[in-house]
Amino acid sequence: MIPRAFEYHAPTSVAEAASLLDQHGDSAKLLAGGHSLLPLMKLRLAQPEVVIDLAKISDLSYIRQSNGGLSIGAMTTYADIESSADVQSLAPALAETAGMVADRQVRNMGTIGGSLAHSDPAGDLPAIILALGAQMVTSSSGAHRTIAADDFFVDLFTTALQPNEILNEIQIPALPSGTGTAYAKFGNKASHYAIVGIAAVLTASGGKCQSVRIGITGAGAKATRATSVENALTGASLDGATIKAAAQLASDGIDFNEDVHASAEYRAHLTRLYTERVLLEAASRAG
Ligand SMILES: Cc1cc2nc3c(=O)[nH]c(=O)nc-3n(C[C@H](O)[C@H](O)[C@H](O)COP(=O)(O)OP(=O)(O)OC[C@H]3O[C@@H](n4cnc5c(N)ncnc54)[C@H](O)[C@@H]3O)c2cc1C
């Protein structure tokens, strides 16, 4: 349980961190809260020669209102997101999701950037980030890039980030009035990781669904949208029977994970059940 020896750097700016990444290439790893990377290093599943710690870059930790939405620095912790009045009012389910991650110790150290860059199939945040239609802003030496959440989660533990890119900021768009947001999960009783977690962002008017985005985590190799459910519900009446029927489509097209925690069949059942639950909650919150 002792990691291999590594060189440690603690840059104080994003530019310095990007230059270190350029210099050391694939042999380097960025360190955020360390709650995923350090266990992997101790198990020697990750053996970076160089660790670049982002903790001293104060410019990466903030929550700001921006054009009616939010800009959140990648090093912002779950605890800061959970307790932020701005997040609670502008993207309530994001605050709730952050509050459901693990325990207080993990929430005090784990970061939004680390969670998204890690793309753990059982991570909570990817589902709500997809449902909110967020944008990821990255930096590399001399360049910036914006990646839509829909394009960010590529595969198991794999994102669209290039090896020389740092995830800087997560941008959450303004939600139209009449929008309700919700996240619910069936979590592992010990770690709280999502066996299945579903997020919904739903805009309603006159009892009908104007638009809806649904993010699913825990079910397959990566977080994904439930587009069949979204298409079935858009323009439809938001009564219980219609929502229940649409939620039955949530398991379509997913190659379900199977492990000691749940069979593929059980995960498919949970996906449909929790989709119905979060849609009812989001619709009720949308008024
Ligand atoms: C006991 C325990 C229980 C947990 N339970 C849950 C749970 O219920 N739900 C859940 O979602 N998670 C859970 N986690 C995981 C936790 O949320 C981690 O904090 C998170 O997955 C990674 O965030 P981090 O800040 O610790 O990143 P790190 O572990 O430091 O980094 C993770 C990966 O992301 C990369 N990275 C980090 N920051 C950046 C960046 N800015 N740009 C580019 N790459 C970057 C690193 O190089 C590394 O590859 C649990 C962890 C533990 C230890």
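This is a predicted model: local features need pLDDT of at least 70, side-chain atom pairs count only at pLDDT 80 or more; totals for chains, interfaces and linings use all residues.
Sorted by class, the residues of the shell around the ligand comprise 15 nonpolar, twelve polar and three charged ones.

The shell can next be considered residue by residue. There are 30 residues around the ligand, and those that come nearest are L30, L37, Y78, T111 and D124.

In the case of S36, a polar side-chain atom lies 2.8 Å from an oxygen atom of the ligand. K29 likewise has a polar side-chain atom placed 3.2 Å from an oxygen atom of the ligand. With H192, the atom concerned belongs to the backbone: this polar atom is 2.9 Å from an oxygen atom of the ligand.

How much of the ligand's accessible area does the protein cover? On its own, the ligand has 980 Å² of accessible area, and the protein covers 89% of this. Three elements, β2 (28-31), α7 (112-118) and β10 (166-172), each give two or more residues to the shell around the ligand. Of the elements, α7 gives the most, with four residues.

The view may now be widened to the chain. It is divided into domain 1, covering residues 7-53, domain 2, covering 62-172, and domain 3, covering 181-286. Taken over C-alpha atoms, the centres of domain 1 and domain 3 are separated by 35 Å.

Notes: Residues are numbered from 1 along each chain as its sequence is written. Side-chain values use heavy atoms; hydrogens and water are left out. A residue is near a molecule or strand if one of its heavy atoms lies within 4 Å of it. A polar contact is a pair of N or O atoms within 3.5 Å; within protein, one must be able to donate a hydrogen and the other to accept it, and residues adjacent in sequence count only if both atoms are side-chain atoms. Accessible areas come from the Shrake-Rupley method with a 1.4 Å probe; for residues, only the protein chains shown count as cover. Ala, Val, Leu, Ile, Met, Phe, Trp, Tyr, Cys and Pro count as nonpolar, Asp, Glu, Lys and Arg as charged, and the others, Gly among them, as polar. Domain bounds come from an automatic or database domain assignment.
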